[in-house]
Amino acid sequence: MLKIRYSLLIALLSVISMQAFSQQKKKNIIVFLVDDMGWQDTSVPFWSESTPLNSIYRTPNMERLARRGMKFSNAYANSVCTPTRVSLVTGMNVARHGITNWTNVKKNTPTDYPDSVLIPPVWNHNGLALAKGINNTITATPLPMLLKQAGYFNIHCGKAHFAPYGTPASNPLTIGFDVNIAGTAAGHPGSFLAEDRYRNNPNDTTWGVRGLDKYADQGLNLTEALTREAIATLASNRTNKKPFFLYMSHYAVHLPFSKDKRFYQHYIDKGLSDTEARYAALVEGMDKSLGDLMDYLEKEGISDDTYILFLSDNGGLTTTPNRGGLAHTQNLPLKMGKGSLYEGGIRIPMIAAGPGITKASTSNQYVGIDDVFPTVLELAGLKKYETIQQVDGKSISPFLFDSNKKDNEKILLWHYPNNWTTINLKGISWASAIRKGNWKLIYFHKAAKLELYDIQSDIGEKNDLSMLQAKKLKEMAGLLTTELKKRGAVMPTYKKNGQQIPWPDELYEQIADSLRLQQVIQPHGKQNAASNNFIPPSNYHIHRQSLQNSYNKFSQEKKGRVAFMGGSITEGGAWRGKIESYLKGRFPDTDFEFINAGISSTGSTPGAFRLEQDVLSKGPIDLFFEEAAVNDEVNGFDGKSQLRGMEGIIRHALRRYPDMDVVMLHFVDPPKLEIYKNGGVPEVIVNHERVAEQYKVNSIHLAREISDRIIAGEFNWKDDFKDLHPSPFGHEIYARSISTFLDNAFAMAASDSQKPTARKLPEALDSFSYTSGQYLPVSQARNVINWNFIEKWSPKDGVSTRKRYVDVPAMVAEVSGAEMKLDFSGKAIGICITSGPDAGIIEYSIDGSAFKKADLYTQWSGGLHLPWYIMLNDQLDDKKHTVTIRTLAEKNSKSKGNACRILHFLVN
């Protein structure tokens with residue numbers, strides 16, 4: 001009997017012991033959430049190498065935490081705050097919970113900025129709720145409620161931003177927290193400064209941080225005040241002997257960048273601007289808070305019983321002037337920042353430390369903010385729990401306790417069908433994205449564009465592989481569509497017709513034919529090598545002005561006039577024919593007229609004077625391609641002439657037809673390759689780009705593209721591209737790049753609800769540019785001595801000439817001593833001649849000034865009657881003038897005679 005009683009006693013004690021052990025096993029948990037902290041805003045490198053940005057910041061306590069635990073190099077959040085915070089406390093993906101943008105402090109007030117093209121869907125702008133009954137909310141069982149049921153003491157400290165004022169979830173106490181320190185509907189503080197009492201004005205009841213007056217009285221920075229109050233609350237819980245959950249949700253490092261004097265001067269001394277020093281000081285203040293909490297845990301002997309999960313709510317802010325320096329450089333090598341689904345907007349710093357987590361380890365597994373919910377519950381010992389919502393996240397515990405474990409089948413999903421800001425830039429707002437394995441697809445709603453990246457090898461998202469990997473693109477577009485629909489995602493609609501934008505797989509089908517046309521073009525035998533480092537043409541395109549005018553003309557009126565102007569690369573270029581075919585294929589019902597105004601050997605100065613005759617006289621031009629970068633340089637025109645010629649073309653064209661769409665092309669030749677190889681930019685392209693920027697003309701940098709792709713080893717100049725007059729392969733490269741530009745431009749135009757607009761001309765860059773350039777007939781010459789007017793001139797010596805410069809009227813002198821005068825009005829006078837083997841030397845005088853000489857013979861004259869444009873004076877007063885021209889007995893040593901054959905007078 002005693003033996004039986006003894007056995008029962010042992011069993012009872014065992015049960016009690018197990019219960020105590022079970023209670024003891026519950027670990028404390030701290031989620032340390034930073035607001036707007038970028039992946040690079042720390043001295044802890046989360047990439048495979050340290051970067052210059054890492055060297056800016058002092059975050060010794062993040063370093064300390066990383067030594068204690070595991071860094072996640074591929075951790076992600078949503079691109080703005082409230083969607084991330086709701087995903088964290090519900091485990092729901094943003095596409096499912098539908099709080100797709102940040103919530104307003106005011107109930108029933110969406111935060112979307114107006115847009116000219118898209119209307120955001122109806123989304124849950126009233127945020128999180130625990131039960132149904134409030135419109136535009138998502139109901140869920142929140143994380144702190146489940147932890148509370150499991151016996152945890154829950155503390156909320158800092159920014160909440162779960163829902164607007166006037167809804168229950170604006171107060172964290174309603175969603176399961178036992179203590180709320182300073183959490184409201186506000187998404188940022190009024191100020192971080194004690195002298196402002198953490199308000200932006202004395203009457204601030206919206207953004208002002210509440211309940212911390214005693215710390216304001218002590219002159220403490222807000223970050224310090226929150227930390228001290230959190231530690232004091234933890235200390236008061238020691239007598240309860242409950243495990244705690246601390247949601248340490250800092251307002252830092254969000255705007256306003258109030259000056260934290262404790263750390264500010266260090267960064268000023270380091271050479272940072274005032275803005276960046278303020279920002280870095282906020283980062284360091286946040287890091288001190290982390291260190292203070294870790295110190296408290298160690299002091300109380302509970303460090304080994306506490307898990308700490310450190311992370312940010314979205315990528316770092318990169319817009320200016322809120323940040324210093326150039327916009328979108330603050331997260332490099334990541335692209336863009338907050339508000340974007342490029343990596344800079346969603347990849348975040350994340351560190352996990354605690355019992356069983358390998359110290360000083362790194363996991364390269366990609367994880368998302370949805371995963372925090374089930375992870376925290378599992379760390380709290382809760383593997384079975386009931387929620388009213390469907391949880392999308394998966395616990396990352398398998399990766400926490402085994403840094404080598406990987407899951408490349410895992411799917412991360414982002415959805416941002418909203419307009420975050422007034423910045424109208426592809427990459428900001430309006431997007432959905434998915435990652436599976438190393439592949440990431442982004443669907444830009446407004447641009448109607450799919451971009452595909454291999455994130456493992458291209459962390460900066462520089463190489464869009466959508467054209468190279470059409471099969472993978474289709475697969476990922478289908479997967480993104482499936483995952484969005486599975487979660488009930490809502491999509492934007494077009495403002496112009498109210499129709500929903502296409503799903504990603506529908507967009508893929510719309511562009512599939514174009515993709516097939518643009519398969520990667522490579523020289524024979526180099527397919528594999530070129531595929532390894534394919535550089536997408538879109539990297540070299542500058543979209544300064546919509547092609548909406550021409551798009552509407554082609555798609556709605558079904559008529560189009562397209563002109564191509566330039567030199568021999570345009571005149572005889574196979575690329576031009578391919579673009580004509582592309583346009584006819586893109587708009588099969590449109591009646592096109594194509595104008596080939598390419599003439600060998602001519603650049604921008606000739607173009608400015610022949611523009612009227614060869615292009616504008618044909619009628620209104622809808623789409624105009626202009627190139628002159630090769631001949632302007634080869635023919636020896638100086639920088640001044642390069643600018644005056646190109647501005648003459650562009651300004652004259654837009655003045656004549658203000659709704660004309662213009663695309664400037666920069667073709668390649670060996671000198672440009674050498675300049676780019678050495679890190680420079682050709683002067684002629686600099687000058688032409690000044691014009692493009694001034695008049696908001698689109699540019700395609702083909703010379704730079706060819707140079708970069710040769711350097712990357714995709715092909716070579718000698719065997720593949722061949723010459724400035726390209727091989728068929730080279731023309732394919734040109735045509736693909738131009739058609740890619742057109743595809744993207746037309747996609748943007750198709751989604752734009754604005755009516756076509758005529759451009760307003762800006763101030764001229766140079767008042768002497770050839771903006772009114774025209775031909776005057778040679779028959780207008782007077783006082784003609786020893787000149788012969790020939791109605792249809794053609795060479796008599798068997799030497800060839802250029803098309804359009806033969807069988808035309810000419811004033812010809814083949815002996816010295818010939819003389820003529822011409823009366824004209826304008827600011828410039830010149831002559832268009834044919835310079836052949838017998839080209840001589842002339843002298844000329846304007847308005848009785850001293851005579852000046854001009855040698856008409858060129859390096860090409862020996863075997864060609866070359867069309868040659870010579871400006872005699874291009875800086876005259878805008879009035880009537882008289883020019884006198886004489887042939888001289890003097891001649892070039894290489895010339896066979898003293899001839900001067902004038903086909904046109906040039907007047908501006």
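A disulfide is taken here as a pair of cysteine sulfur atoms within 2.5 Å. By this criterion, a search of the whole structure, which is a predicted model, returns zero disulfides. The sulfur of Cys81 has its closest cysteine sulfur in Cys157, at 18 Å, and this separation is too far for a bond.

Cys81 belongs to helix 3, which spans residues 81–90. Because 10 of the 10 residues of helix 3 are buried, this helix is largely enclosed by the rest of the structure. Just after helix 3, Gly91 adopts a positive phi of about 75°.

The largest nonpolar core comprises 80 residues. Within this core, the residues that touch the most other members are Phe32, Met62, Tyr198, Leu212, Leu226, Leu246 and Phe310. Helix 9 (residues 274–299) supplies the largest share of the core, with 12 residues. Apart from this core lies another, of 48 residues, which includes Ile29, Ala75, Ala140 and Phe177. For Phe310, leaving aside residues up to four places away in sequence, the contacts are Phe32, Val34, Met37, Met62, Leu65, Met286, Leu290, Pro349, Met350 and Ile351. Two of these contacts, Phe32 and Met62, are also listed with Phe310 among the core residues that touch the most other members.

Four strands form an open sheet in the order 12-13-14-15, with antiparallel pairing. Strand 12 (411–416) and strand 15 (449–454) are the edge strands, each pairing on one side only. From one strand to the next, the twist averages 10°. Strand 13 (residues 431–436) and strand 14 (residues 439–444) are joined by six bridges in the antiparallel sense. Ser432 has Tyr443, in strand 14, as its bridge partner. Helix 13 (residues 470–486) packs on the sheet and touches strand 12, strand 13, strand 14 and strand 15. The direction of helix 13 makes about 110° with that of strand 13.

Technical notes
Residues are numbered from 1 along each chain as its sequence is written. This is a predicted model: local features need pLDDT of at least 70, side-chain atom pairs count only at pLDDT 80 or more; totals for chains, interfaces and linings use all residues. Side-chain values use heavy atoms; hydrogens and water are left out. A nonpolar core is a set of buried Ala, Val, Leu, Ile, Met, Phe, Trp, Tyr and Cys residues joined through side-chain atoms within 4.5 Å. Buried means under 20% relative accessible area, exposed over 50%, partly exposed in between (1.4 Å probe, protein chains only). Helices (H or I, at least four residues) and strands (E, at least two) are DSSP runs, numbered from the N terminus. Contact means heavy atoms within 4.5 Å. Two strands pair if DSSP finds at least two bridges between them. Axes are lines fitted to C-alpha atoms, for helices over the stretch in contact, and angles run from 0 to 180 degrees between N-to-C directions.
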